[in-house]
Protein chains: 2
Amino acid sequence: MNLDAVQFDEKGLVPVIVQDAHSGKVLTLAYANREALTQTLLTGYSTFYSRSRGELWVKGATSGNRQKVLEVVLDCDQDAVLYRVEPQGPACHTGAESCFHNPLSEAAGHPPLGEVLERVYRTIQQRLRDLPEGSYVARMHQEGLDRVLKKIGEEAGEVILAAKNADGEELSWEAADLLFHLLFTLAELGLSPDDLARVLWQRNARDAAAGSGRVPPV
Amino acid sequence: MNLDAVQFDEKGLVPVIVQDAHSGKVLTLAYANREALTQTLLTGYSTFYSRSRGELWVKGATSGNRQKVLEVVLDCDQDAVLYRVEPQGPACHTGAESCFHNPLSEAAGHPPLGEVLERVYRTIQQRLRDLPEGSYVARMHQEGLDRVLKKIGEEAGEVILAAKNADGEELSWEAADLLFHLLFTLAELGLSPDDLARVLWQRNARDAAAGSGRVPPV
């Protein structure tokens, strides 16, 4: 850990972007002084400097909504920092998942894929846990693991047909269906979308090292 | 557009987080004054205020690496802004995709899933375009669309078997294989991971509106 490169401003602060390490969602913009950065790196939990209170601020110290820090990255001109975190609760004091929730423009059509997948996955987990009446996931789950696995086969077939029919819109739908049931299957076995990221990333690294050979993919 | 809520600092600036709207990658931390925010909202392209040059800065005006802005969001206490963009080139003056590339901590195991999927997808696109010797994607592509579609069926079968065997590590691998070939199929038909996000998000919204009924999923 070498903080000498960090360019703190005239108040001794550097802005910190906090990002969910799994969904990629931007959670908060906060500030750190040298001590807060040091504490973050030493403890592995988000620590900032509160400009309003004028003191060190261990995120979640009172609310319990701590943020486990997986990675700290400095930008190219060393005057901004990124924390990649696993949040243990909402980032925002309003109870919202992210502090960024006041649109200044027309909303984009949808969030980035990573956020969408994480949201869908958490919904599946909640349905598996609470088994709410009328829930598709709950009903499938109660009929046993084979039920969702049959859907994997069925949706794979529908992806193949949509592709053969060169029907882009149909393919988008069937591919989304297949991906949904894949997340459902992962959830049934206690796995998460992050396991997919891990495996694909390992292969990507190996592929880059091996040139363009058959890795398993690319 | 109402910028009256924005809390500019004593220099008339507000920090702006720039995020790739598709991969979710954090690209840059920059600053905007009221005029830069107004220009961004009016033109639909990232505009900042350059603190070093003391002037309005239309990102990519000279380099061509413009950023199409899909959404502008203000945070809970109105003193930080998020631009969600489609970058038309590297965000960093070093040529790197993102300005955040100097790790201060041990690197996390892997980036968020959204970034990984986008990276894998772009690699597939590049292989389909350049057909480099020894590339798995290039070879499969040259054998025709049926070749990758057969893999969809095959990998779906392997997901089913891994799940039936309750083998989490095997399931992670097979699910990643299936997802890889799904991205490959999308690329063959000119679709992108963003199409998956769009469809899944539409369903999520409909599901939320309809309670917990069968939507298509959840």
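This is a predicted model: local features need pLDDT of at least 70, side-chain atom pairs count only at pLDDT 80 or more; totals for chains, interfaces and linings use all residues.
Because local features need pLDDT of at least 70 and side-chain atom pairs count only at pLDDT 80 or more, totals for chains, interfaces and linings being taken over all residues, the values rest on heavy atoms for side chains, with hydrogens and water left out. Residues are numbered from 1 along each chain as its sequence is written, while chains are lettered from A and ligands numbered from 1 in the order in which they are written.

The contact between the chains (heavy atoms within 4.5 Å) takes 113 residues from chain A and 113 residues from chain B. Chain A and chain B bury about 9,600 Å² between them, with 69% of this area on carbon and sulfur atoms; buried area is the accessible area, found with a 1.4 Å probe, that two parts lose on being put together, summed over both.

Side chains of opposite charge can pair when their charged atoms come close. A search of the whole structure finds 38 salt bridges over all chains, a salt bridge being a side-chain nitrogen of Lys or Arg within 4 Å of a carboxyl oxygen of Asp or Glu. Between chain A and chain B the count is 12. In one of these, A:Asp177 is joined to B:Arg203, with the closest N and O atoms 2.7 Å apart. B:Asp79 likewise forms a salt bridge with A:Arg51, where the corresponding distance is 3.2 Å. B:Asp79 lies in the loop between strands E5 (67-75) and E6 (81-87) of chain B, and A:Arg51 in the loop between strands E3 (47-50) and E4 (55-58) of chain A, so the pair joins two chains.

Strands (DSSP runs of E, at least two residues, numbered from the N terminus) are said to pair if DSSP finds at least two bridges between them. Strand E5 (residues 67-75) of chain A runs antiparallel to strand E7 (residues 100-103) of chain B, joined by three bridges, and A:Val73 stands opposite B:Pro103. Within chain B, strands E3 (residues 47-50) and E4 (residues 55-58) pair in the antiparallel sense over four bridges, with B:Phe48 opposite B:Trp57. These two strands form a hairpin with four residues between them, and B:Gly54 in the turn has a positive phi of about 65°.
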